[in-house]
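Please view the sequence and the structure together while reading.

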Amino acid sequence: MLRLLLALAPADALLLLAPRRLASRRAGLASMTLEISPPDGFVWGVNLDEGSPPPPPPPPSAALLFDCDGVLVETEELHRVAYNMAFEEFGLQIAGAPVVWSKEYYSFLANTVGGGKPKMRYHFTGLGAPQGARTHQDTAKVWPAPTARGGAVPADEAAGMALVDELQDFKTECYKQLVTKAGPRPGVLALMDSAIAAPGIAVGICSASTRGGFEKVVDAVVGQERLAKLDVVIAGDDVSRKKPHPEIYNVAAQRLGLSSADCVVVEDSIVGLRAAKAANMRCVITYTPETQAEDFYAEGADAKLLDFSSGVEVGALFSPEGAVLPELLPGVRDPRP
């Protein structure tokens, strides 16, 4: 409940209420207005009781947004293994041969199509890749027979996508078991902590993974205490269009009340880089052994490096005033060709 304090004091010593009206609304209670006319020389102030929440912090001036898989933790190989576990469980076969994704082919998929279901749809139909994307000889372009689930080849895309849904559900459960043993990439959590501690810098995670698998990663690697300090967390289920579409980053900026020019994204793949640049955001790439051969600078990356093991802190990305620096990671990033 609000307490009114009556005091003889200079006008700037208390929160003045003009014209002496106090309106109070609390959750679940009706609005109440008090009309008070104090004697001359008195001013009214408001003091919240000890149980009142502190005032909200000022809005952020910039944001650092992390992808999850490949950025916070090297999980791409775990994803590949989990997909192959699902394919084996369902007995997937094409022309009598089992469906298996090799490391080389999965690297191609990871740099071509964002999201698990879109990857499978692309593999089985050849559809869903960005215009002008590279092709691969291992892309099946035909629906498989789930020999351990009745064996009927999907008759159309609707039936095929129903199979993809089942595969994705099983794959997610396999991935949850595998990812509990994963550790963070070098230096990434130190950078995240540096940004969390910096005044005016919002911090978030924007992952194309389904929430089931994503939550296992952030619980195991980021931790609940650190996760509670983040300003925005978005999983692939929260948006309708997957990377390389910029929707996930546009939504993050909108929730934070920031323009795209005030956001820096950390990604690890061409797909993620394209999503960030399509959102008109700056982008740092921490590549992996699977993605290091990609020409990230040609695709618009503002900086690329293997990881943050050199001790990168938020000051290498943002000014003390909270503005995105014109040049990101000078002296740390890989040289441009």
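Two strands are taken to pair if DSSP finds at least two bridges between them. The model discussed here is predicted.

**Strand β12 and its neighbours**

Strand β12 spans residues 282-286, and three bridges join β12 to strand β13 (residues 303-305), the two running parallel. Within this pairing, T286 has L305 of β13 as its bridge partner. With strand β11 (residues 263-267), β12 is likewise parallel, and four bridges join them. Here R282 of β12 stands opposite V264.

How much of β12 is buried? Five of its five residues are, so the strand is largely enclosed by the rest of the structure. In a regular strand, side chains alternate between the two faces of the sheet. In β12, one side carries R282, V284 and T286 and the other carries C283 and I285, and all of these are buried, so that both faces are covered.

**Helix α9**

Just after α9, N280 adopts a positive phi of about 65°.

**The β7-β6-β8 sheet**

A separate description concerns three strands that form an open sheet in the order β7-β6-β8, with antiparallel pairing. Its edge strands, β7 (97-98) and β8 (145-146), each pair on one side only. Strand β6 (residues 92-94) is joined to β7 by two bridges, in antiparallel orientation. Q93 stands opposite P98 of β7.

**Cysteines**

How many disulfides does the structure hold? The number is zero. A disulfide is a covalent bond between the sulfur atoms of two cysteines. For C206, the closest cysteine sulfur is that of C263, at 8.9 Å, which is too far for a bond; the cut-off for a disulfide is 2.5 Å. Both cysteines in the table below are buried, a term that denotes under 20% relative accessible area.

| Residue | Relative accessible area | Class |
|---|---|---|
| C174 | 9% | buried |
| C206 | 0% | buried |

Key. Residues are numbered from 1 along each chain as its sequence is written. This is a predicted model: local features need pLDDT of at least 70, side-chain atom pairs count only at pLDDT 80 or more; totals for chains, interfaces and linings use all residues. Side-chain values use heavy atoms; hydrogens and water are left out. Buried means under 20% relative accessible area, exposed over 50%, partly exposed in between (1.4 Å probe, protein chains only).
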